[in-house]
Amino acid sequence: MTRSLPANTRSQLLLFGAEDGADAAMLRRLATQLQATPLPAAADLAQWLAGHESAFLLLASGHDCLAGLQLAAQSQRCLGALLLSPAGDLAQARRLPFPSLTVCHPPQAHWPRLTSTVAFASAWGSRLHTLRGDGASAVGELRLLLQALRSQNEGWPQGEL
C-alpha cells in the first residue's frame, strides 16, 4: 500500500530510538543534518503521534526498528521508513502498510549479518540496499536514499531506490 500527500507537502522526519553503536550514531548524524525530531523511547513516539497530525517518515536502527515500526504501522500518517541494520526477533516482523527501505552494510565481521537484514526486509516487504561506503560517505548515501523514499510520497516524480 502506498500512502501519499498532496503535491508540495512535506512530511515530518522522526528519528526513533536511543540505541548506542555505530549505526545509531550514523542515523543521529543524518537526523541532525535534516532537522529530524528525535524520539528516544516508545512512549515519546506514542506521545508525538497523539499530539501531531502531520504525516511522517521514520528512521530507526538495530533493535529500535521493531518497536518503532509497531507504533508507526498503527498510524495512517506514516508514509515510510528507513531502517538501518535491523535486529531483534524476526518472528515479530510483519508486512508494513507503507513503503520502507532496509539498509545494511556489506558483510564484515563488525556489522550485523547480511542474512538477518535480508530476512527482515523480506518480512516487512521492504526494499533492500547495501551501503557502499562508511563514515561520512555512508551518511551521504543514507541521505540520498531517504530523499528518494520521501519523494515517492510527497507528490514528486518517483525515482529508483
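# Close-up views of a predicted model

**View 1. Helix α2 has an outward face.** The face of α2 that is turned away from its buried side carries the exposed residues A43, Q47, A50 and G51; exposed stands for over 50% relative accessible area, buried for under 20%, and partly exposed for what lies in between (1.4 Å probe, protein chains only). This is a predicted model, in which local features need pLDDT of at least 70 and side-chain atom pairs count only at pLDDT 80 or more, while totals for chains, interfaces and linings use all residues. Residues are numbered from 1 along each chain as its sequence is written, and side-chain values use heavy atoms, with hydrogens and water left out.

**View 2. Helix α2 also has a buried side.** In α2, which covers residues 42-51, the buried residues are L45, W48 and L49. Seen down the helix axis, these buried residues fall within an arc of 100 degrees, so they line one face of α2; the arc is taken from the directions that lead from the helix axis to the C-beta atoms. An α-helix has 3.6 residues a turn, so residues three or four places apart point the same way.

**View 3. Strands and a helix cover the buried residues of α2.** The cover over these residues includes the strands β1 (12-16), β2 (37-39) and β3 (56-62), together with helix α3 (64-73), where contact means heavy atoms within 4.5 Å. Helices (H or I, at least four residues) and strands (E, at least two) are DSSP runs, numbered from the N terminus.

View 4. The structure holds two aromatic pairs. One of them joins W48 and F56 in an edge-to-face arrangement, with 5.7 Å centre to centre and 75 degrees between the planes. Rings of Phe, Tyr and Trp (its six-membered ring) pair if their centres lie within 6.5 Å, and planes under 30 degrees apart count as stacked, over 60 as edge-to-face and the rest as tilted. W48 counts as buried because its relative accessibility is 7%, and F56 counts as buried because its value is 0%.

**View 5. Two cysteines are buried in a structure with zero disulfides.** C65 counts as buried because its relative accessibility is 0%, and C78 counts as buried at 0% as well. The structure holds zero disulfides, a disulfide being a pair of cysteine sulfur atoms within 2.5 Å.

**View 6. The protein chain is set out as a whole.** Its secondary structure comes to five helices and six strands, which follow the pattern β-α-β-α-β-α-β-β-α-β-α along the sequence. Of the 161 residues of the protein chain, 48% count as buried.
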